[in-house]
Amino acid sequence: MVNGEIRIEAALATGSAEPFVRRPLMLRAPRADELLVKVVATGICHTDFMTRNEGLCAFPMVLGHEGVGIVQAVGEDVAGFDVGDHVIMSYDYCGACPQCQRGKPSYCDRHGELNFAGVRPDGDRTHSSTDDSAKEVYGSFFQQSSFATHALSHASNTIKVDKTLPLPVLAPLACGVQTGAGTVFNTLEVAEGSSIAVFGCGCVGLSAVMAAKVSGAKMIVAVDINPRRLRVAAELGATHGIDPADQPAGSTLADRVREMTGSGGCHYSIDTTGVPHVLRQAFDCCRPMGVTAMIAPGVPGTEVTIEMLGLLPGKSLRGVVQGDSVSKEFIPQLVSLWQRGEFPFDRLITEFRGIDKIDDAVNAMESGDVIKPVVIVDETFL
Ligand SMILES: [Zn+2]
Ligand SMILES: [Zn+2]
């Protein structure tokens, strides 16, 4: 340790669509309001590689925002954590803005800055190169940057979990699973006996399907272009599946959902694809007073067209961040549901060993072969 800094290994994003590069870096000592976490595993989420591929961050950058690990050091102003605690790291928020004060921290005024800016809240850096010749390094992604052996987090985005739980399995709760399940439980408040259509059966969509089943939805329509994912959706609770490749000429996806659900369409729909014409179908398949949740906004500047007359019968289109979840309360609830066998999110996970396997994991996710990759960073833990 030099000046409190530690040497870590990270999978560094060096440019748009460039493979991750394994590199030693220096990580600053935790400040008074920070925790140092030894990363055991990290999930990989679409936001990681969309941020990289679309160049939505400064480079080089340590990404990763579904980290789980063990607390190694606790800043003097951090309450409620001890060295050795097992933790999940989720999104961060300020706690002081109007939305945070209303208990909706995922809509924090500082959400973009705290989770995507690549620096600490005051603009300082957490990471640096091991030699002076290399460029500056950005970190603090979701105030964690979990594609590394160690991370700095805040009490606000760190959730303590029972030490008997298998940490790597819990990683996707930090974002993908929380987002899908939270949209059903917290945002839409899906009612027993209702109908819902879920467009896109990746981790977020399938988490929504599982949550809809827990909520007692009577009809759960899953839509995906990958027949294997539709089969998984059926196993997890979807009552109907639609593969757009089987679409009869002259009809739309929304027509098919409305035929299945009757009564002018379903009560709720969720678009997880970020594709404008799919979001349009998700909106059109809802009945009067129906609500459509939009989870993936596509790249900045993406627009969608909605017919104004279609909006008139009391319908709404609602953007959703992190499933409206207050992670410290919601993630333990999801763990309880999982332990009771009602929410088998672990079935979505395929493991990859070692941070040098991040590219394999990303490729498997992008090709559709794997629903949720979790990279095991610390193999000795297992
Ligand atoms: Zn805030
Ligand atoms: Zn994510």
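The model is predicted.

**Entry 1: the three-stranded sheet**

β1, β2 and β6 form an open sheet of three strands in the order β1-β2-β6. The pairing is antiparallel. I looked up the edges and found β1 (6–12) and β6 (127–129), each pairing on one side only. Neighbouring strands here are turned by 50° against each other on average, direction ignored.

Next I checked how β2 meets β6. Strand β2 (residues 21–27) is joined to β6 by three bridges, and the two run antiparallel. I noted M26 as a landmark: M26 stands opposite S128 in β6.

**Entry 2: the six-stranded sheet**

I then traced the other sheet. Its six strands lie in the order β11-β10-β9-β12-β13-β14, and the sheet is open with parallel pairing. β11 (240–242) and β14 are the edge strands; each has a single partner strand, so one side of each is left without a neighbour in the sheet. From one strand to the next the twist averages 20°.

I went through several of the pairs.

- β9 (residues 195–199) and β10 (residues 219–223) pair in the parallel sense over five bridges. V198 stands opposite A222 in β10.
- β12 (residues 266–271) and β13 (residues 286–294) also pair in the parallel sense, over five bridges. D271 has M294 in β13 as its bridge partner.
- β13 and β14 (residues 316–319) run parallel, joined by four bridges. A293 has R318 in β14 as its bridge partner.

How does the chain get from β12 to β13? I followed the chain through helix α9 (residues 276–284), and this β-α-β crossover is right-handed.

I also looked for a helix on this sheet. Helix α8 (residues 253–261) lies across β9, β10, β11 and β12. α8 runs at about 160° to β10.

**Entry 3: α5 against α6**

Last, I turned to a helix pair. Two packed helices are described by the angle between their axes and the distance between the axes. The axes of α5 (residues 176–187) and α6 (residues 203–215) come within 7 Å and cross at roughly 40°. That angle makes α5 oblique to α6. The crossing is right-handed.

Which residues make the contact? From α5 I listed G176, V177, T179, G180, A181, T183, V184 and F185. From α6 I listed C203, V204, G205, L206, S207, A208, M210, A211, A212 and S215. By class, the contact of α5 with α6 has eleven nonpolar, seven polar and no charged residues.

Note on methods. Residues are numbered from 1 along each chain as its sequence is written. Chains are lettered from A and ligands numbered from 1 in the order in which they are written. This is a predicted model: local features need pLDDT of at least 70, side-chain atom pairs count only at pLDDT 80 or more; totals for chains, interfaces and linings use all residues. Axes are lines fitted to C-alpha atoms, for helices over the stretch in contact, and angles run from 0 to 180 degrees between N-to-C directions. Angles under 35 degrees count as roughly parallel, over 145 as roughly antiparallel, 65 to 115 as roughly perpendicular and the rest as oblique. A crossing is left-handed if the near helix is turned anticlockwise from the far one by less than a right angle, and right-handed if clockwise. Two residues are in contact if their C-beta atoms, placed from the backbone, lie within 7 Å. Ala, Val, Leu, Ile, Met, Phe, Trp, Tyr, Cys and Pro count as nonpolar, Asp, Glu, Lys and Arg as charged, and the others, Gly among them, as polar. Two strands pair if DSSP finds at least two bridges between them. A crossover is right-handed if, with the strands pointing away from the viewer, the path from the first strand over the helix to the second runs clockwise.
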